[in-house]
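Dear colleague,

I am handing over the structure below, and my notes on what was found in it come after it. Please read them with the model open.

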Amino acid sequence: MISGIKSKYANYRLNKINKMENSINGEEGSIKAAPNSPKKIMPDKLKITLRTLPKQLSIAKNMENSVKSLKNNPEKPQFSADADFIHRFEEYALSLGIDKIKYVKIPPELIFRDKSVLFENAIIFIMEMDKPAIDKAPSDDTQSMSVTTYDELGKKTNQLAEFLRENGFAAQASHPAGGFVIYPQLAQQAGLGYMGRHGMLITPEFGPRQRISAIFTSIENLTFANENVHSWIPDFCQKCSNCIKKCPGNAIIEVGSYEAGDLITKIIKDLCHGCTICMRECSFNKRDYNHIKSKVERII
Ligand code: SF4
Ligand code: SF4
């Protein structure tokens, strides 16, 4: 039922934004967005669905609001923000519970095929997922916390888009539970962290434990990232493989070859039942980022 609700709004968003003037569309070669929910949910589907129903409905409502609120965009938006405004915006975001913010220009190949964004200037947000709940995965508490974090971040993203509009800028909010872009790669491009073999973003602050959302905005003069200091992570992943070994569904597979420099991992959606064990078992959930980095540096 829930995925039905989300699909309805997903189609609503898609049709509405794709037809807007000047929208930037996903390329032919871009990947398709994954379905919103895994086919099987552990450990007790009915129990967890009932427990999280209010949050799931809130997620659907906020996804819808992110599109409906586009009508509030100023007719003639501003394209430049001064340092004082950016400071106020970031302070407001942090006061809402956002943990980190960075800026990036969206490469077109990171827009899902058949989806569109209104601006290439992206503000990326991350919100931490609770560690004790992740450490209990797979459990009802893990699923409940995961849905709650999606919902909280989605609401805050809409609030921040509204804040931009009230100050003369145009904004398109992208909900963490069903966005328009490939979030982990975009957050990597923004310099927030680097993707691990499980396909999730790994950051110094939270390892793999975060949700990601975005706002696409008319503001052209943001401090866009041009480097990533976390690019050592794939080499560490190559020696680790914990997530691949511990995945009960054998859902994480490798394609390409490391020697050829084109090794990437893929999650087979049909084999993944959303247990979150890969997040729990990630070395960056068990140990501090800087501890792992210093060990890697000692070996080199
Ligand atoms: S990839 Fe594997 S470990 Fe991760 S959520 Fe899916 S089934 Fe669980
Ligand atoms: S478990 Fe290991 S291989 Fe998998 S993403 Fe985390 S560090 Fe990388």
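The notes cover conventions, then a ligand site, then a sheet.

This is a predicted model, in which local features need pLDDT of at least 70 and side-chain atom pairs count only at pLDDT 80 or more, while totals for chains, interfaces and linings use all residues. Residues are numbered from 1 along each chain as its sequence is written, chains are lettered from A and ligands numbered from 1 in the order in which they are written, and side-chain values use heavy atoms, with hydrogens and water left out.

The shell around ligand 2 (residues with a heavy atom within 4 Å of it) includes Arg197, His198, Cys237 and Phe284. Helix 7 (233-240), helix 8 (242-246) and helix 10 (283-286) each supply at least two residues of this shell, and helix 7 gives the largest share, three residues; helices here are DSSP runs of H or I with at least four residues, and strands are runs of E with at least two.

Elsewhere, an open sheet of four strands has the order 2-4-8-5 with antiparallel pairing, where two strands pair if DSSP finds at least two bridges between them. Strand 2 (100-105) and strand 5 (171-174) stand at the edges with a single partner strand each, so one side of each is left without a neighbour in the sheet. Strand 5 is joined to strand 8 (residues 210-217) by four bridges, and alanine 173 has isoleucine 215 in strand 8 as its bridge partner.

Best regards
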